[in-house]
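Work through the exercises below with the model open beside you. Try each task before reading its solution.

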Amino acid sequence: MPILCCVLLSGCWDRIEINDLAIVLATGIDYEDGKVQLTSQIFIPRKASAGDSSGSGGSPSGVTMIRTADGHTIAEALNRLQRKVPRNMFWGHCEVIIISEQAGKRGIREYIDFFLRYPQFREHAYVFSSERAAKDILALLDPLERSSAESLREMANMKLGTRMTALELGKSIEGPGSSVILSRMLILPPEPEQDKLTTTPYVKGLSIYKKDRYVKTVKEPLSVGVLLLAKELNNIIMPVEIKPLKGSFSIQPIEIQTVLKPRIVNQRWSMKVDIQTRGEVVLNTTEGDLTDPAVITKLEQEWSAKLTTLAHDALEMAQKELRTDLFKFAVEFRRYYPHQWKKQEKNWETLYPELDVEVKVGAHVVRTGKSTGPQGIPDEDEN
Amino acid sequence: MDTSLITQQNLPLTGHLAVDQEMLSSVFAGCSDVVFHTFETACHTSALCVYCIGLCDTERLERQVLTPFQEMGIEAAQVPLASVKSVETTTQAVQAILEGEALLLLEGSMIGTTYPLYKAENRSTEEPLAESTVRGARDGFTESLTMNMSLLRKRLKTPALKIHTRNMGDRTNTSISLVYMEGIIDPKLVQEVKKRLSDLKLRDVLESQYIEEGIVDQRYSPFPQMIATERPDVVASNLLEGRFAILVDGTPFTLIAPVTIFSMLQSPEDYYQNVFMSVFVRWLRYIFFVLSMLLPSAYVAITTFHQEMIPTVLLLSIARAREEIPFPALVEALIMEIAFEALREAGVRLPKQVGSAVSIVGALIIGQAATSAGIVSAPMIIIVAITGIASFMIPRYAASIATRLLRFPMMFLAGTLGLTGVMLGVILVVIHLSSLRSFGTPYLSPVAPTMSKELKDVWWRPAPRNKPD
Amino acid sequence: MYGGVQHQGTNRIRTIHTQAIKGEGLHMLTDKGKISETQLAFMIFPAILATAILSVPGITMHYAGHDMWLSPIIGSIIGFAAVAISIGLDRLYPGKTLIQSSVSIAGRISGKLIGLVYIIFLPHLTGLIIRTYGEFIVNNALPRTPLFVVMGTMVAVCALNVRLGIEVVGRTSQIFVTLLIVLLSLIFILLIGELNPAELFPFMENGPLPSIKGALAPAAWFSEYIVIAFLLPYVNRRKRTTRVMLGSLLITTTAMTVINLFCLFLIGDLTDSFVYPVMIAARYITIADFLQHIESLIIAVWIFGIFVKISVFLYIFATSTAEWFGLKDYKPVVVPLSFLCMVYAYWVVSGGSGASSLIGPSANLYTISILLILPAMIYGLAWLKKGWAHFRKNQANT
C-alpha cells in the first residue's frame with residue numbers, strides 16, 4: 001500500500017492539464033533572410049459569458065493569436081517558438097498547414113519530413129499554399145468561424161480547391177510523379193469599417209510544385225483544366241455558349257469522373273483520358289429553350305468541346321512547359337505495365353513530354369434547374 | 001450453543017405444578033411479557049397456562065383453550081386445535097413458549113401440551129420500495145418468515161418446492177429457511193449449502209447479510225455473490241432455474257445463489273415487458289454499467305493525457321471552461337465524486353417529505369454555485385451527473401456499490417498513467433471477476449466460460465419456454 | 001434468467017463445478033484447472049497477432065512491396081505445421097505437455113536438455129515481448145513515464161492473472177479478445193472510405209520471390225502456434241480440437257492479411273517509412289469532424305491483446321519450469337519468474353535500434369528453429385519410436 005502511494009504520488013509524469021496547453025490550430029511556414037519562419041496560430045481560451053455578444057464585428061477579439069519564430073531548420077524554429085509561449089505547445093489539433101510560395105521555392109522536402117515524423121502532427125492536416133506570407137493569413141480573425149484555421153479547414157472539406165492532406169502530400173512527392181498541386185490562398189480585402197484583420201482567406205488559383213519546389217501559379221481558366229485532370233474539380237460553374245444564340249448557359253457539374261487509361265503499343269506510350277460528367281443548367285441568358293432536345297444536344301457538344309479544350313491546355317502546360325507529371329500518369333503506368341515501367345523508369349522525364357494523350361469527354365446535361373424555358377424575358381409571346 | 005442463555009438445566013417436567021411453575025418462572029424471571037396463568041379446570045384440577053403475550057393469540061387462547069377447559073372439562077389433548085404437541089422437558093417448554101405457543105400444564109401430568117397460537121404483529125405485504133417495476137406483481141416479502149414462505153408457496157404450488165427450516169444464531173435463535181426446487185437444482189449444490197450453513201457459527205443473526213457473508217466463496221470482493229431481493233417473483237423464477245434461496249426471519253431480504261454478474265444486471269421487468277423494449281433496456285444497462293465505473297476515469301485520462309482525442313471544438317470549450325479552475329482534473333474529479341457520494345448518502349437519511357426537494361435543488365444549486373465560484377468546471381459536473389445516473393440504472397443495489405467503490409482506484413490509475421492506466425484497471429477488474437465463483441459457478445458465465453445455450457439470455461431476451469423439460 | 005429459461009445451464013454449471021474440484025487424472029500437471037478449446041483459440045489469437053500487428057506491415061512492405069499481403073498467407077504454412085505437430089504430439093502422448101513428452105521420447109537426459117532449451121528460450125521471448133510493449137507505449141502514449149513503470153505494471157497484472165490459474169487466463173482472454181476483435185473491426189470499417197484498392201497493383205512487380213522473402217517475419221510469428229503443445233493437456237477435450245485450431249489459424253491469417261491490405265490501401269508506398277504503420281492508419285480516421293485521432297483508443301484496446309499474450313507466455317514459462325523441476329504446483333514460481341522476464345526485457349536490447357535488429361531475419365530464423373524445428377524433430381523422433389515399437393510388436397506376434 002505505501003509503495004503504491006509512493007508510486008502514484010511521485011508519478012503522473014505525462015500529465016498535462018488542459019490549461020497548461022497552448023493549443024495550436026494552424027501552422028504557417030515562411031522563408032525569410034535565409035531562415036525558416038514558423039508561425040503558429042494559438043487558441044486563447046478566454047472564459048466567454050453564457051450569451052456571447054455578437055455586435056458588428058462578430059468574433060470576440062483575441063480568440064486566436066499568432067507567434068512566430070525562425071531558425072535554420074524547421075525543427076530549430078519549433079524549438080524557438082516554444083520559448084516564446086508560456087504553455088506547452090500542443091500540435092495535436094493543428095488542422096491546417098500553410099506554406100508560402102517563398103518557402104516553396106526553396107523546396108518543401110524538409111517540411112514534409114518534419115510533418116510526417118514529429119509525433120504530434122496530424123497526417124491529415126490540410127496543406128495550402130499562400131501568395132503572401134503565411135503568417136499574414138494566420139493572423140486573420142475570421143468573423144464567421146472561430147478562427148481562420150477553422151474557415152480554411154471548412155473550405156478544404158467543401159473541396160473548394162484541392163483537398164491535400166499532409167500524408168497525400170508526402171505520397172505525391174515521393175511517388176513516381178514527383179509533383180503536387182496545392183490550393184493557393186489569398187486574403188479577402190476587409191470591409192471598409194472593419195478592422196484590418198477581421199477578414200477571411202479565400203482560394204484563388206493553384207500552386208504547382210515540381211519535385212518539392214514551387215514552380216508556378218496557375219489561375220483560371222487554366223486551373224480548371226488542371227483540377228479537372230487531377231480529379232479534384234468540385235466547385236465550378238462553367239459558362240457555355242452556343243454559337244448562333246446570344247448569351248450563355250451556365251452549367252454546374254454534379255459529378256465529374258476522370259479515368260486514366262495507360263497504353264503501351266509497340267514501344268509507344270500513350271494515355272487515354274476519359275472524362276465523364278453530368279451537369280445541371282443553372283443559368284440561361286439566351287433565348288434557347290431547354291425543353292428542345294436539339295438545344296440540349298448542342299449544349300452538350302459545346303460543353304464537351306470546352307472541357308476538352310481546358311484539358312488540352314492543362315496538358316500542354318504540364319507536358320511542354322513544366323515537363324512535370326502533375327496528374328499521376330506515372331502511377332497508372334506503374335500499376336498496369338510494371339515490367340515496362342521498371343525498364344523505363346529513369347527516362348520518365350524525357351518520356352512524359354512526348355506522351356500521346358488523347359482526351360475524350362462525355363458530357364451530359366441531366367437537369368435544367370427549376371425552370372424549363374428561359375425566364376425573365378420581357379414581353380414574351382406565348383405560342 | 002450457550003445453553004445458559006436459554007435455560008439453566010434441561011429438567012424433565014415433574015407432575016407437581018408448583019415445582020414446574022417454579023422452574024419455568026426462574027427461567028423467565030424478569031420477562032414481564034410471559035404470563036403464568038393458573039386456573040382450575042372443570043374437573044377441579046389445577047392447571048397452569050404459560051404464554052407470551054406478544055407472540056400468542058390471546059383471544060383464541062381464551063376462546064378455544066381456556067374456556068373449554070374451564071367449562072367443559074375436556075382432556076388436554078382433545079382441544080379442537082390443529083397440531084397439538086407435547087413437551088417433556090423445560091428446554092422444550094421454553095422453546096415452545098418463545099415460538100408463540102401456549103403451554104398447558106396439569107397437576108399430576110408429566111407431559112405438557114402446547115398449542116400453536118402464534119400470531120405476531122406484522123406489516124402487510126407492500127410493494128418493495130427499492131425494486132419497484134412498472135408492470136408486475138406488487139407484493140413483497142415482509143419480516144415474517146411464515147408469511148414469506150406462504151408467498152413463495154402460493155407461486156410454486158408443487159411438492160417439489162422443498163423448504164428446510166433451521167435456527168441460526170446462538171443468541172437470537174433466528175429461524176431461516178433454505179428453499180429449493182428438487183429435481184431442478186443440482187443435489188451437490190444443496191449438499192454444499194447445507195454444509196456451509198451448519199459450519200457457520202454465528203452469535204447473532206439480525207439480517208440476511210450476516211449469513212451471506214458467512215457462506216459466500218469470496219468474502220473480500222466488492223461484487224456481491226448472492227442476490228438479496230424483496231420480491232417473491234424474483235425468488236420464484238430463480239428457484240425455477242436451479243438456484244436456491246435462503247429466507248431469514250426478521251428481514252424481507254431473501255438471499256439467492258448461485259448468481260452471475262449478468263443476474264445483477266437483469267431486472268424482473270425484462271420478462272414482463274415487450275421483447276424489443278427489454279433488449280434495448282438491457283443493452284442500455286450494460287453500457288451504463290461500464291460507464292458508471294469508467295466515465296470519470298476516462299474523462300480524467302483523456303483531458304490530461306490524450307488531449308488529441310477530443311474533437312477540436314469540444315476541446316476549445318473545455319479549455320475555456322477549465323481556464324479559471326485551480327485544481328488539476330484528477331483532484332476536481334475526486335472532489336465532485338466524493339461530494340456526490342456524500343449527497344447520496346445524506347439523501348438516504350432525509351425524511352421523505354424533505355428528501356426529494358433537498359436533493360434536487362441542492363444538487364442544482366451546489367453544482368451551479370460551484371461552477372460560478374470557479375471550483376469545478378461545468379463538464380466535470382455533467383460527467384459526475386451521468387455517472388450517478390448510470391449507477392442508479394443497475395437493478396441490484398449491491399452491484400452498484402461495487403462500481404461506485406471501484407470508481408476511485410480507477411481515477412487514480414487514470415490520473416497516473418492515462419488511458420493505459422484505465423485499461424490496466426479494467427484488466428484487474430476482469431481478472432477479479434474471472435476468478436470469482438458463486439457457489440462453484442464462475443461469476444462471468446455464460447460469457448466466459450462460454451455456454452452457448454445460455455448466451456442468448458445475455459444479449460437478447462428469449463421468450464419463456466413452453467415445453468416441459 | 002427470470003422467465004423459466006431452460007435449465008440446461010445448471011447441468012453445465014454442475015459439470016464445470018465438479019471438474020474444477022476433482023481435476024481427474026491431472027496428477028502430473030502442475031495446474032488443476034481446465035479450459036475449453038474455444039478459450040484456447042481465443043488465447044492464441046492475440047498471442048500471435050498482438051505484436052505482429054505492429055511490425056508485420058512495415059517489414060513485409062520492405063521486402064515485398066505491393067505484394068505484401070501475400071506474405072502472411074505464405075507464412076501461415078509454418079503455422080499449419082506448428083499446429084499439426086502439436087496435435088500429433090498430443091495424440092501420441094496425451095495429457096503431457098511438450099516438456100514432459102520430450103522426456104518420454106528422447107530419454108531422460110536429452111529430454112531434460114530439450115526442456116532446458118525451452119526454459120532458457122521462453123524468458124528471452126517473453127522479455128522481448130514485454131520490451132516491445134514498453135517501447136511502444138512509451139513512444140506513442142506516455143513519453144515521459146519511465147519504462148520500468150510501464151513494463152512493471154503490465155508484468156504485475158499478468159503475474160496475477162497467471163497465478164490465479166489457467167481458467168482465469170482462459171476467461172479473461174475470451175472477454176478481452178472479443179473486445180479486441182470488435183473494436184479493431186470498427187476501426188477498419190471506419191477507414192473504408194479512405195482506402196484506395198488500386199494500390200493492389202502493380203502485382204508481382206518483381207515476381208513471387210519478394211513476397212516469400214517477406215514471409216519470413218510472419219512465419220516466425222506463426223511458429224508461435226507451438227504454444228498449443230504446451231497447453232493442450234489443460235483443454236477439456238472434445239472431438240473438435242483440430243477443427244477449432246485450424247479455424248483459429250485461418251482467422252489469424254485472415255486478420256494479418258487484412259491488416260496488411262489496409263495499410264497498403266491507405267498509405268501505399270510509404271508504409272515501410274513509418275515505424276508503426278497501423279498507428280498512422282488509425283490516426284487518419286476522421287468521421288464527421290468529431291471522431292478524430294482515436295489512436296489512443298487503439299493503443300488502449302491493443303493493451304488487452306498484449307496482456308493476453310504476455311499472460312500466455314508467462315503461464316507456459318511458469319508451468320514448464322515447474323514441470324521441469326518436478327514441482328507439484330506452479331503457483332509459487334510465478335512471481336520470481338516474472339521478475340526474471342523483466343530482467344530479460346532490459347537485457348535483451350539496449351536502445352531502440354537493437355530492438356529492430358531483433359525482428360530482422362536472423363532473429364526470425366532463431367525463433368523458427370526453436371519454436372518449429374525442434375518440436376518437429378521431437379515429433380519425428382516420437383513417430384519413429386512408435387513406429388519402431390509397433391513394428392517390433394508385429395514381429396513378436398508373428
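**Exercise 1. Chain A against chain C**

Task: find how many salt bridges are counted between chain A and chain C.

Solution. The count between chain A and chain C is 0 salt bridges. A salt bridge here is a side-chain nitrogen of Lys or Arg within 4 Å of a carboxyl oxygen of Asp or Glu. Next, look at polar contacts. Between chain A and chain C, 2 residue pairs are in polar contact, both residues at pLDDT 80 or more. A polar contact is a pair of N or O atoms within 3.5 Å; within protein, one must be able to donate a hydrogen and the other to accept it, and residues adjacent in sequence count only if both atoms are side-chain atoms.

Now see which elements take part. Helix H6 (148-157), helix H7 (166-174), helix H10 (329-336) and helix H11 (338-344) of chain A each give two or more residues to the side that touches chain C. Helices (H or I, at least four residues) and strands (E, at least two) are DSSP runs, numbered from the N terminus. H7(A) gives the most, with 5 residues. By type, this side of chain A divides into 8 nonpolar, 7 polar and 12 charged residues. Ala, Val, Leu, Ile, Met, Phe, Trp, Tyr, Cys and Pro count as nonpolar, Asp, Glu, Lys and Arg as charged, and the others, Gly among them, as polar.

Last, take the totals. In contact (heavy atoms within 4.5 Å) are 27 residues of chain A and 28 residues of chain C. The two chains bury about 2500 Å² between them, 48% of it on carbon and sulfur atoms. Buried area is the accessible area (1.4 Å probe) that two parts lose on being put together, summed over both.

**A note on the model**

This is a predicted model, where local features need pLDDT of at least 70, side-chain atom pairs count only at pLDDT 80 or more, and totals for chains, interfaces and linings use all residues. Residues are numbered from 1 along each chain as its sequence is written, chains are lettered from A and ligands numbered from 1 in the order in which they are written, and side-chain values use heavy atoms, with hydrogens and water left out.

**Exercise 2. Two domains in chain A**

Task: say where the domains of chain A lie and which salt bridge joins A:Lys216 to its partner.

Solution. Chain A is divided into domain 1 (19-219) and domain 2 (231-374). The bounds come from an automatic or database domain assignment. Their centres, taken over C-alpha atoms, are 32 Å apart. The contact takes 18 residues from domain 1 and 17 residues from domain 2. About 1300 Å² is buried between these domains, and carbon and sulfur atoms give 60% of that. In domain 1, A:Pro176, A:Lys210 and A:Lys216 lose the most area to domain 2, together 35% of what that side buries.

Now the salt bridges. The count between the domains is 1. A:Lys216 pairs with A:Glu321, the closest N and O atoms being 3.1 Å apart.

**Exercise 3. Salt bridges inside a chain**

Task: how far apart in helix H2 of chain A are A:Glu76 and A:Arg80?

Solution. The side chains of A:Glu76 and A:Arg80 meet in a salt bridge (2.8 Å, N to O). The two are 4 residues apart in helix H2 (residues 74-83), so about one helical turn separates them. A:Glu76 is partly exposed, at 27% relative accessible area. A:Arg80 is partly exposed too, at 30%. Buried means under 20% relative accessible area, exposed over 50%, partly exposed in between (1.4 Å probe, protein chains only).

Turn to chain B. B:Arg285 and B:Asp270 form a salt bridge (3.1 Å, N to O). Both residues are buried. A network of salt bridges links B:Glu337, B:Glu341, B:Arg404 and B:Arg407.

**Exercise 4. A threonine in chain C**

Task: is C:Thr60 buried or exposed?

Solution. First, locate C:Thr60: helix H2 (residues 37-64) of chain C. C:Thr60 is buried, with a relative accessible area of 0%. Its side chain reaches the backbone oxygen of C:Val56 at 2.6 Å. Leaving aside neighbours within four places in sequence, C:Thr60 has contacts that include C:Gly65, C:Met68 and C:Asn260.
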